[in-house]
Amino acid sequence: MRIARFAAAGKDPAYGIIELAVDGGENPDTIAVLNNDPLAGTAVNYTGERHHLEEVRLLAPVIPRSKIVAVGRNFAEHAAEMGTQVPVNAPLIFLKPNTSIVGPTDPIVVPTGCDTVSYEGELAIVIGRICKEVPLERVPDVIFGYTIANDVTQRGWQNSDDQWSRAKGSDTFCPLGPWINTHLSIEEASKLRIETRLNGETRQDGNTSEMVRGVAELVSFVSSFTTLLPGDVILTGTPKGVGDMVDGDVVEIDIEGLGTLNNPVASA
């Protein structure tokens, strides 16, 4: 299933199941409304209401109640382009606050005093249940699904600060969307093409198969030191080809089978 969070005219944000039209079909893409948040632990049913997808505004598909855990330098060629190396002993972990999240088509805001921010297209894992110290073989049981993330970074701050909270965690620095795909296996999620385009020009063209540490290893490792809660998000790292965005640019991130996340860039 493809689960989205959306806003329809005159109504509060809601959740729904995306129903994509078959190629060549006459019916439009629709969203079937659900009565509850699928990650809230309550019974979820269809309300019987439907909207044309083009008539609603998609929001970030999840707002973690707890945390966004991100992984740095998980693609060897990206680490090399940044003049660094892949961490040897353990994944490089940092946190982004949930206030950094925006949804599809929402602007990425370049902070005051900065000229640019950088894009980083990434596969995002959405956790479905409370868990701690998850063994590799049990990881499929705790994953709710996958979505697309842009791990926006202010490089000047990243290079000048001793840690990455400001450079990676500023408001609007974690676009997510357009929805959560819940039917991919770990094996399928581990061989997806990632393409990032800036103003229509391809800048990143990688594959999740290039990750140094894969989906199962990352979830197991993160859960070894922190309890994961339903709705927590794990960002899995970015391929080579990162670069700057400025006011007026538009960045699009495609991940095979997950759709397209697109956001304009604006100055504060």
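Author: Helices (H or I, at least four residues) and strands (E, at least two) are DSSP runs, numbered from the N terminus. The model is a predicted one, in which local features need pLDDT of at least 70 and side-chain atom pairs count only at pLDDT 80 or more, while totals for chains, interfaces and linings use all residues. Residues are numbered from 1 along each chain as its sequence is written, and side-chain values use heavy atoms, with hydrogens and water left out.

A pocket is found on a 1 Å grid over the protein atoms alone, as an open set of points where there is protein on both sides within 12 Å along at least five of seven lines; its lining residues have an atom within 4 Å of a point. A volume is the space filled by probe spheres set on the points, which are joined across faces, edges and corners. The largest pocket holds about 270 Å³ of space. Its lining comprises 20 residues, and those closest to its centre are Arg73, Met82, Arg155, Gln158 and Trp164. Helix H3 (155–160) and strand S6 (68–72) each supply at least two lining residues; H3 gives the most, with three.

Buried means under 20% relative accessible area, exposed over 50%, and partly exposed in between (1.4 Å probe, protein chains only). Arg155 counts as buried because its relative accessibility is 14%, and Glu120 is buried at 3%.

Glu120 also meets Lys168 in a salt bridge (3.3 Å, N to O). Lys168 belongs to helix H4 (residues 165–169), so this pair ties together parts 48 residues apart in sequence. Lys168 is buried too.

Glu122, in strand S11 (residues 121–127), is buried yet has no salt bridge: Lys168, the nearest side chain of opposite charge, is 5.5 Å away. Here Lys and Arg count as positive and Asp and Glu as negative, while His and the chain ends are not counted. The side chain of Glu122 instead reaches the backbone nitrogen of Gly237 at 2.9 Å.

Notes. A salt bridge is a side-chain nitrogen of Lys or Arg within 4 Å of a carboxyl oxygen of Asp or Glu. A polar contact is a pair of N or O atoms within 3.5 Å; within protein, one must be able to donate a hydrogen and the other to accept it, and residues adjacent in sequence count only if both atoms are side-chain atoms. On a 1 Å grid over the protein atoms alone, a cavity is a set of points where a 1.4 Å probe fits but cannot get out, and a pocket is an open set with protein on both sides within 12 Å along at least five of seven lines; lining residues have an atom within 4 Å of a point.
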